[in-house]
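Please read these notes with the model open beside you, and follow each point on the structure as you go.

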Amino acid sequence: PPPPPTAKKKWIWWLAMMSYRFALRLDHHVCAAVDPRDLPALRCFRTRRRNLLLTSLQLLEELADMDGGRHESIRAALHEHLADTYLRAQDHETDEKDHHRDATARDSDRFTLGSSFGLYRRSTVDALEKAQHHLGQGVQIIRRQLQTAEEGRAEERRRRREREQAERGRAGRETPPS
């Protein structure tokens, strides 16, 4: 017999959180243990991290489809981490080229190159677009969450005003006219 729905939701939640946790640990492992010049290993770890994050996101969406909660904050964080994988993707891959170019460039050229392209000068347009997509998805999730919370607060204020008006109305009817 298939597991009860609550058990299935529990396992999906557990798998989603383990994928998320492994993705974060993998990132820390790469920073601590992998030589920044080992481009194939970096690419492999980045792809694995991205796949773990996507798996976690898909599992949370499946859980939401099963009425198991939407977990908006975690999904938004996953989108942020996914965007980060695209923004940082080019950093290590161009370090060797930059090192060679910087060794042959004059000091004034290095300053100009660094300042004119800014923080994402090494990122491709495709990587920036994918990062923008994931950041946009995360912002939409948080925006909906904030809007829902604001609507809930507005509803609570409306109910409180109605209760206060009803209490004043009862108090006005109970006091004898003088």
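1. Helix H1 has 29 residues and reaches 41 Å from its first C-alpha to its last, close to the 42 Å expected at 1.5 Å a residue, where the expected span is 1.5 Å times one less than the number of residues. Helices here are DSSP runs (H or I, at least four residues), numbered from the N terminus.

2. This is a predicted model, in which local features need pLDDT of at least 70 and side-chain atom pairs count only at pLDDT 80 or more, while totals for chains, interfaces and linings use all residues. Residues are numbered from 1 along each chain as its sequence is written, and side-chain values use heavy atoms, with hydrogens and water left out.

3. Among the buried residues of H1 are Ile12, Ala16, Met17, Tyr20 and Val30, buried being under 20% relative accessible area with a 1.4 Å probe, protein chains only. Their cover includes H2 and H3.

4. The largest nonpolar core has 15 residues, and those with the most contacts inside it include Ala16, Tyr20 and Leu78; such a core is a set of buried Ala, Val, Leu, Ile, Met, Phe, Trp, Tyr and Cys residues joined through side-chain atoms within 4.5 Å. Helices H1 (5-33), H2 (39-65) and H3 (72-87) each give two or more residues to this core.

5. Leaving aside neighbours within four places in sequence, Leu78 is in contact (heavy atoms within 4.5 Å) with Tyr20, Leu53, Ser56, Leu57 and Leu60.

6. H2 and H3 pack at an angle of about 160 degrees, with their axes 10 Å apart, and they are therefore roughly antiparallel, a term for angles over 145 degrees.

Conventions. Buried < 20%, exposed > 50% of the residue type's maximum accessible area, 1.4 Å probe, protein only. Axes fitted to C-alpha atoms, helices over the stretch in contact; angles between N-to-C directions. Parallel < 35°, antiparallel > 145°, perpendicular 65-115°, else oblique.
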